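This report is meant for a reader who is meeting the structure for the first time. Please look over the sequence and the model before reading on.

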Amino acid sequence: MTIRRQWLIVLIFIAILTIIVNSVVLGFLMNKYFVGYSIENYQKSFGEIVDYSKNALTDENLTEKQIETQLESYLDDPIIRIKLYDSNGIIIADVANNSNLDNKMMRSKMMDNMMGKPSEEVDSEDIFDDSGKTLGKLNIIKYSSVENSMSTRMYNIALFSNSFLSLRILLIFVVIIGLIISRKMSKDLTNITTLALGIELGNEINIKPSNVREIRTIQNSLETLNSRLKLKQK
């Protein structure tokens, strides 16, 4: 195997290893803070939905359409669906996240193939008035964990795609730089071979000193040997 090929293999291996380590570490740290933020945001939204549901069940002037319209504003990842029941178990409002349904179905299918189908769960909350009387019940359907939410899954796919793109760009630069450096090293080694052959044939050959210390040391040794051979011939 030539030095050029060995040099390129080493550079490509280092580039791939660097991208993998960087992606894993960066992905872990960002995912950690992203998940924490998502959990905190969901808990805040959950409290707001409970408060609004309490007001909706006590305000007789609100229509079902108005209640559903307001509840739709809380349909944000990881919340998929919201159901509100009165004290008799009759459903008052049922809203689901159907915006951009076609795009979401396509993205969901792609993510299901790559990361597995996400599971869902229901958070239930009984609604009481200030006296403790039951006003109704609230069911919030969401992804079973923040890691399974649409935003987190899209983030993981984007991280993977960007890492793959970065790897391809880096490999292009590595190959270009590796070819330039290996060509320079190959040229220096070829000059050493030419110098050694000239010494054997007794020819006077002048070569440009190499910028690589080890190769330059070999060049100096051959030139010294050539000088000693000439003195010995004399």
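## The sheet

In what order do the strands stand in the open sheet? In this predicted model, 4 strands form the sheet, and they follow the order β2-β1-β4-β3 with antiparallel pairing. Because β2 (residues 91-96) and β3 (residues 120-128) stand at the edges, each with a single partner strand, one side of each is left without a neighbour in the sheet. From one strand to the next, the twist averages 15°.

Strand β1, which covers residues 79-86, pairs with β2 in the antiparallel sense over 5 bridges. Within this pair of strands, L84 stands opposite A93 of β2. Helix α2, made of residues 64-72, packs on the sheet and touches β1 and β2, and the direction of α2 makes about 35° with that of β2.

## The chain as a whole

The sheet belongs to a chain whose secondary structure comes to 5 helices and 4 strands. Read along the sequence, these elements follow the pattern α-α-β-β-α-β-β-α-α. The chain has 234 residues, of which 27% count as buried.

Contacts and surface complete this overview. Among the contacts in the chain with a separation of 6 or more, 63% are between residues 24 or more positions apart. The chain exposes about 15,900 Å², and carbon and sulfur atoms supply 58% of that area.

## The nonpolar cores

Which residues of the largest nonpolar core touch the most other members? This core has 20 residues, and those that touch the most other members are I49, I67, L71, I79, I82, L138 and I140. At least two residues of the core come from each of α1 (residues 3-58), α2, β1, β2 and β4 (residues 134-143). Helix α1 gives the most to the core, with 6 residues.

When its neighbours within four places in sequence are left aside, I82 is in contact with I49, L71, Y74, L75, A93, D94, V95, L138 and N139.

Is Q219 buried or exposed? Q219, which is found in helix α5 (residues 213-233), has a relative accessibility of 2% and therefore counts as buried. With its neighbours within four places in sequence left aside, Q219 is in contact with D188, I192, L195, I207, K208, P209 and S210.

## The salt bridges

Side chains of opposite charge can pair when their charged atoms come close. How many salt bridges does the structure hold? The structure holds 3 salt bridges, and they are described here in turn.

In one of them, the side chains of D130 and K54 meet at 2.8 Å, N to O. This pair links distant parts of the chain, since D130 is in the loop between β3 and β4 while K54 is in helix α1, 76 residues apart. D130 is exposed, with a relative accessible area of 74%, whereas K54 counts as partly exposed at 27% relative accessibility. In another, the side chains of R81 and D94 meet at 2.7 Å, N to O. R81 lies in strand β1 and D94 in strand β2, so the pair ties together parts that are 13 residues apart in sequence. R81 is partly exposed, with a relative accessible area of 31%, and D94 likewise counts as partly exposed, at 29% relative accessibility.

The remaining salt bridge is formed by the side chains of E121 and K142, which meet at 2.7 Å, N to O. E121 is in strand β3 and K142 is in strand β4, 21 residues apart, and the pair thus links distant parts of the chain. E121 counts as partly exposed at 33% relative accessibility, whereas K142 is buried, with a relative accessible area of 9%.

How values were computed: Residues numbered from 1 in each chain as written. Predicted model: local features only at pLDDT ≥ 70, side-chain atom pairs only at ≥ 80, totals over all residues. Heavy atoms only, no water. Pairing = 2+ DSSP bridges. Axes fitted to C-alpha atoms, helices over the stretch in contact; angles between N-to-C directions. Contact = heavy atoms within 4.5 Å. Buried < 20%, exposed > 50% of the residue type's maximum accessible area, 1.4 Å probe, protein only. Core = buried A, V, L, I, M, F, W, Y, C linked by side-chain atoms within 4.5 Å. Salt bridge = Lys/Arg side-chain N within 4 Å of Asp/Glu carboxyl O. Areas by Shrake-Rupley, 256 points an atom, 1.4 Å probe, with all protein chains shown as cover.
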